[in-house]
Amino acid sequence: MAKRTFSSLEIFLIFLLLLMTAITVGLLSLLFITSGISEEYKGQGSLTTQGPTVSSTAQGLLSTQDPSATQGPINPQASSTTQSPPPSQQPPVTQGLTTTTQGPPPFQNFSGYHIGVGRADCTGQVADIPLMGYAKSGQTAQGILTRLYSRAFVLAEPDASKRVVFVSIDIGMVSQRVRLEVLKRLQSKYGDLYTQENVVLSGTHTHSGPAGYFQYTIFVLSSGGFSKRTFEFIVDGIVKSIDLAHRNMKPGKIFVNKGNVEGVQINRSPYSYLQNPQSERDRYSANTDKEMMVLKMVDLNGEDLGLISWFAVHPVSMNNTNHLVNSDNVGYASYMFEQEKNRGQLPGQGPFVAAFASSNLGDVSPNTLGPHCINTGESCDNFNSFCPIGGSDMCMAAGPGKDMFDSTRIIGDTIYQKAKELYDAASQEITGPLSAAHQWVNMTDVTVQLNSTHTAKTCKPALGHSFAAGTIDGVGGLNFTQGATEGDPFWDSIRDQLLGEPSNETKDCHKPKPILLSTGEMSKPHSWHPEIVDVQIITLGSLAIVAIPGELTTMSGRRLREAIQKEFETSGRQNMSVVIAGLCNVYTHYIATYEEYQVQRYEAASTIYGPHTLSAYIQLYRGLARAIATDTVANLSRGPEPPFFSQLMLPLTSNQVDKTPGNMMFGDVLEPAKPEYHGGEVAEVMFVGANPKNSAENLTDHTFLTVEKYDNTSAVWQTVHNDASWDTRFYWHKGSSGQSNVTIEWHIADATPPGLYRIRYFGHNRKQNFLQPAVILAFQGASAPFWVVGPQ
């Protein structure tokens, strides 16, 4: 490739960028939380309500700290009138909880397992916070498309002697800080019942969830600081979902089924994949794993309880121009399955829980039209993902739909349809004992036995130059290029001056990776990347669920699965199935094969522990499989415990007092709906709004909107959609001087019953009088009624 040159304008812009970066890092370094995470709310005042919009029931809910407190179930079809409390003030749904104890359940003599499922909201802040995944500057949350949920599954043997927990969460990835806090709270509730050994936390990897819940510096900086709101909502949601699953346990059976999903994925680094041995590639029909595994859970009467699906696809159908919080394509699949099983319920309600969990998705994209130059339309499916005009920044992949919303729906619906088919046909029952094995490992110092005579070692964490290039799903934007095996003197010089030069030891360990950031040698204000990492396997009879702390590429996942399966066989456990659960427990970026590592595309440049990372994990997980198979888990060393940092950097975004235009109130309509709509049209209303992050301060189970239909028989308004519905969109438009607007869209389905409808908005504004603490006030607004008269 020709040597890169910079124009005077580019040099000037780069200088400004570096100056701003240096200032930002300096400011962030000064803004420590000096007494743990609780300091973020100093001076923010109390939660206060205004007028009749919050009932005494709601006030009791707001003060309740124990998410396990029993609440009465909600009938989602109950009437809604202007006098009734808004959805934000209603008690949370408990999914028909039954009271159980920590002791053995009452039923013991049956074939199967005790099964508990639970789902809880973990959305949190939907404005004024970066989205986690693309690390694109300026991609902050500005509203909501769908809510985010934690979905928990507790499984116990008939005599309750052993149990395991699998939780799939609609977040980018599980952070170590989240996991440690969840385990701490579970211990305070349940003692030694749920621990690091038997609890698996897995992120779905949506790139449209809030950031800010990490403790390692590189993630804190890319998140704009540590957000207590985001962290607390995620932790509370996970714990609550486990509480619900724990209480809901009943005797049941689990069935497994597998099948291929077609037309929803491509390999986004095919040139890396081709570096793997021809003999190995010849064993597979595709350069992605197309197989989906589904677990079907039913009670002893055959009634549906829940589903877990594992399938390898990146949830990046919503691209890096998106600003609405949502769960992307796999979240849409969960939404469709739960709506199918919980008929008559609003999204997020009902007893059936469907989790579409991540797997070895590292190099797998849902943008099936492939990479094209967005300025010329020509293909850029080449080794460097490079466009003749504009370079790598112009090379982007697109999904099958007319826009990212349509692509999300198409990919998600295809995944849902296949899961439904496999679920309905599942007949192979899983039986046998439950087991769990876990270790903490210092991944910077693992000696790998390559063969009988040679060993290698893992490295201190480091990111390569191609990391900054991004991928065809979301480019980096600084003119870095995938496939870089040599450093750039310009950027290396800047790095050396700002952050320090990598040591020769780290350079040699990571070869042929040209190091951009030697994060393992950077410790201010805290470690930039984790050293201590979880490795974990749980087994359900003949099924092994392998919890991976990162993103395995396709071939890495295949090698790991095969190695674990062989280890089980060698150690006496025959016919074991192995499934990869991705982005579990702590995030360590990518895990590429040794051969893929040599060409240093994005996934390899993001393999932070060096070229032998995969071999180290294979060795470690084989040890866990051997311990489970030989019943020697008790002999495993616990390993060094990870840190829990007490000082973290605060977000720079301030809490501003909300204001309205003159002679208007919060919730007033600025742009009304039309009097009449047909199916297929979009009903749109604009309101005088307030910052939505106010609603995440002390509230749970909040909805920002409802779509309501007037029932002539009962003469009341009935809620038919909320902000978890795929058909609604909530946009927040930030203005000046504390003023803002909210636009609510309802995309009316063709099959919508004709009738009279309205749209309601529920929000909270921040108010502060001179020398007084701030208070948060609830308000609501409603559109004028309008008619839906059927499809066009």
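Buried means under 20% relative accessible area, exposed means over 50%, and partly exposed lies in between (1.4 Å probe, protein chains only). This is a predicted model, where local features need pLDDT of at least 70 and side-chain atom pairs count only at pLDDT 80 or more, while totals for chains, interfaces and linings use all residues. Residues are numbered from 1 along each chain as its sequence is written, and side-chain values use heavy atoms, leaving out hydrogens and water.

**View 1. Cys-373 meets Cys-387 in a disulfide (a pair of cysteine sulfur atoms within 2.5 Å).** Here the sulfur atoms sit 2.2 Å apart. The S-S torsion is about -110°, so this disulfide is left-handed. Cys-373 belongs to strand E17 (residues 370-373) and Cys-387 to the loop between E17 and strand E18 (395-398), so the pair ties together parts 14 residues apart in sequence. Strands (E, at least two residues) and helices (H or I, at least four) are DSSP runs, numbered from the N terminus. Cys-373 is buried at 2% relative accessibility, and Cys-387 is buried at 0%.

**View 2. Cys-380 pairs up with Cys-395.** Their S to S distance is 2.1 Å. With a torsion of about 90° around the S-S bond, the disulfide is right-handed. Cys-380 comes from the loop between E17 and E18, and Cys-395 from strand E18, so parts 15 residues apart in sequence are tied together. Both cysteines, Cys-380 and Cys-395, are buried.

**View 3. Cys-459 is linked to Cys-509.** This left-handed link has -90° about the S-S bond. Cys-459 is buried at 2% relative accessibility, whereas Cys-509 is partly exposed at 24%.
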